[in-house]
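The sequence and model come first.

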Amino acid sequence: MFTNEMITSFNELEISLYNYIIKNSEKVIYMRIRELADQTHVSTSTILRFCRKINCDGFSEFKVKLKLYLDRKEQSNLKSTKYFLSEFVERTMKGNFEAFIQDTAELVAKSGKVIFFGTGSSGILAEYGARYFSSLGKFASFIKDPFYPINSKDLKDSTAIILSVSGETDYTLKLANLLKSEGSKIVSITNSKNCTLAKISDINIAYYVTEVYLGEANITTQIPVIYILEETAHTIKRIYEID
């Protein structure tokens, strides 16, 4: 709820207010503005200025956002990994899901170059995917830096496999568009087909699990992504064995 940019913009009084809210969030959501002012020894105008700095029109909106933030933290502790695994199996592994993996494997098998990309936890899995594909006989590379210089001469016969939970990360979308404009085929692995990355991809594999946050951190399970990567790599190996 509080970004680094927001915190660095606080003055001394606002920092003291922030520290009180962090330590007493469960009480603050039920306080009136005057009660909070008395407890923190600041004026109501300081509280309102604080609210505006964190993109809230007033104290009432701030309390609503704070409660949603606390609820989201609580929800993240309610369900085990087993729940999300079963959710993935029930929601996703039906219909055309395996067909999308087959289509991806066929596309990658025909490609001269395979590039993996992702940021954050998706970046860690993208690096794992490149290593796993290479181990099973299809050499793949991993781009860690979204600003990495792209040589268009090498992309006409390439496939980029891009990982993103939301499919809306700015850096990821910029690189996907650049790769696409240079002739690379785009395969995206996202949590939903209703995202920008999915819409600009040649193939999208969506796994549909409930997104979970711990504070500002997205801790949505990545088990479906590991399954998709490994199953795709195995399918590619089978294609080579048949050929």
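## Sheet

An open sheet is formed by 5 strands in the order S2-S1-S3-S4-S5, with parallel pairing. Strands are DSSP E runs of at least two residues, and helices are H or I runs of at least four, numbered from the N terminus; two strands pair if DSSP finds at least two bridges between them. Strand S2 (141-143) and strand S5 (203-206) are the edge strands, each pairing on one side only. From one strand to the next the twist averages 20°.

The model is predicted: local features need pLDDT of at least 70 and side-chain atom pairs pLDDT 80 or more, while totals for chains, interfaces and linings use all residues. Residues are numbered from 1 along each chain as its sequence is written, and side-chain values use heavy atoms, without hydrogens and water.

## Strand pairs

S1 is joined to S3 by 5 bridges and to S2 by 3 bridges, and both pairs run parallel. Ile-115 stands opposite Ala-160 in S3, and Phe-116 has Phe-142 in S2 as its bridge partner. S1 is largely enclosed by the rest of the structure, because 4 of its 5 residues are buried (under 20% relative accessible area, 1.4 Å probe, protein chains only).

Strand S4 (residues 185-190) pairs with S5 in the parallel sense over 4 bridges. Ile-189 has Ile-205 in S5 as its bridge partner.

## Packing helix

Helix H8 (residues 97-110) packs on the sheet and touches strand S1 (113-117), strand S3 (158-163), S4 and S5, where contact means heavy atoms within 4.5 Å. The direction of H8 makes about 140° with that of S5; axes are lines fitted to C-alpha atoms, for helices over the stretch in contact, and angles run from 0 to 180 degrees between N-to-C directions.

How values were computed: Buried < 20%, exposed > 50% of the residue type's maximum accessible area, 1.4 Å probe, protein only.
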